[in-house]
Amino acid sequence: MTNNPYTLARAAAEALKGACGLDTFDVALVMGSGWVPAADAIGETVTEIPFTDLPGFSAPAVAGHGGKIRVLRTPGGRHALVFLGRSHLYEGRGVDSVVHGVRTAAAAGVGTIVLTNAAGGLRPETQQVGDPVLISDHINMTGANPITGTTFIDLTEVYSRRLRALVQEVDPTIAEGVYVAFRGPTYETPAEIRMLRTLGGDMIGMSTVLEAIAAREAGLEVLGVSLVTNPGAGLADAPLDHEEVLQVGRATAARMGTLLAKIVDRL
Ligand code: HPA
């Protein structure tokens with residue numbers, strides 16, 4: 001098997017098409033922790049394929065992160081690839097593993113990708129736990145980049161202005177914010193959270209930015225949505241807990257599912 005990540009993604013896309021009998025797909029959605037319960041609202045399942053059945057994927061290490069691709073048909077008749085789980089940099093399998101799903105989706109023909117995540121809120125003055133926030137831009141503090149070599153990709157508009165406007169037509173109450181990514185897996189210190197507020201961040205998490213870069217490299221239009229699952233460390237009295245992140249996802253599944261179902265046929 002090749003170790004070229006782009007060739008591997010094309011092989012995964014071919015295997016995926018063969019497994020579900022479809023030739024192309026319209027949109028892909030990556031469901032972050034907290035978002036998996038919302039996937040059921042998006043459409044009717046055609047088939048589900050465990051990541052481990054496709055070249056280049058490995059099973060996610062984190063509880064609550066799923067581990068399969070659901071192929072579904074939306075009420076509007078579109079075919080969506082829904083990634084129930086993702087690979088994170090902190091799992092130690094490298095950057096290519098983190099963006100393999102995005103590259104596979106691009107090779108399978110999607111033109112649009114929705115990247116969702118759970119995030120700590122850096123602005124408790126205005127953010128409520130359980131709120132979705134549209135990602136308007138990001139600050140990549142992972143120290144990593146999925147691209148190697150002299151490919152100078154423009155990142156002026158990683159998260160499509162057009163797609164954000166579409167979502168805001170559907171839900172005018174949804175705010176926008178800048179997502180900061182750390183490698184993790186530790187949560188941040190209160191001093192780091194204060195630094196990120198000063199730097200202009202609005203949400204903090206451990207995913208999404210590398211996938212968004214890979215998606216832009218592949219020419220995809222990107223929509224990013226964070227679910228605020230907790231105030232950043234030190235902004236509230238309680239310590240942070242992964243189970244709390246998942247619990248907020250379960251509690252908001254209906255709202256996030258409705259939001260995604262309303263937007264996916266309009267993207
Ligand atoms: N920090 C980093 N990642 C997260 C957080 C957080 O506070 N909440 C959910 N994912």
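Predicted model: local features only at pLDDT ≥ 70, side-chain atom pairs only at ≥ 80, totals over all residues.
A cavity, as I use the word here, is a set of grid points where a 1.4 Å probe fits but cannot get out.

I noted a volume of about 60 Å³ for the second largest cavity, and among its 13 lining residues L89, V98, M206, S207 and L210 are the closest to its centre. Sorting that lining by class, I recorded seven nonpolar residues, five polar ones and one charged one.

I then turned to the ligand and saw that the space it takes is the largest pocket. The residues I listed around the ligand are A118, A119, G120, Y187, E188, I204, G205, M206, T229, N230, L240 and V245, and by class this shell divides into seven nonpolar, four polar and one charged. Checking which strands contribute, I found that β5 (112–121), β8 (203–205) and β9 (221–231) each supply at least two residues of the shell, with the largest share, three residues, coming from β5.

I looked up the distances from ligand nitrogen atoms and wrote down 2.7 Å to a polar side-chain atom of N230, 2.8 Å to an N or O atom in the side chain of E188, and 3.4 Å to a polar backbone atom of A118. Taken alone the ligand exposes 260 Å², and I noted that the protein buries 95% of that area.

How values were computed: Residues numbered from 1 in each chain as written. Heavy atoms only, no water. Near = heavy atom within 4 Å. Polar contact = N/O pair within 3.5 Å; in protein donor to acceptor, adjacent residues only side chain to side chain. Areas by Shrake-Rupley, 256 points an atom, 1.4 Å probe, with all protein chains shown as cover. 1 Å grid on protein atoms, 1.4 Å probe; cavity = no way out; pocket = protein on both sides within 12 Å on 5 of 7 lines; lining within 4 Å. Sits in = over half its atoms within 2 Å of the grid points. Helix = DSSP H or I, 4+ residues; strand = E, 2+ residues; numbered from the N terminus. Nonpolar A, V, L, I, M, F, W, Y, C, P; charged D, E, K, R; others polar. Points joined across faces, edges and corners; volume = space filled by probe spheres on them.
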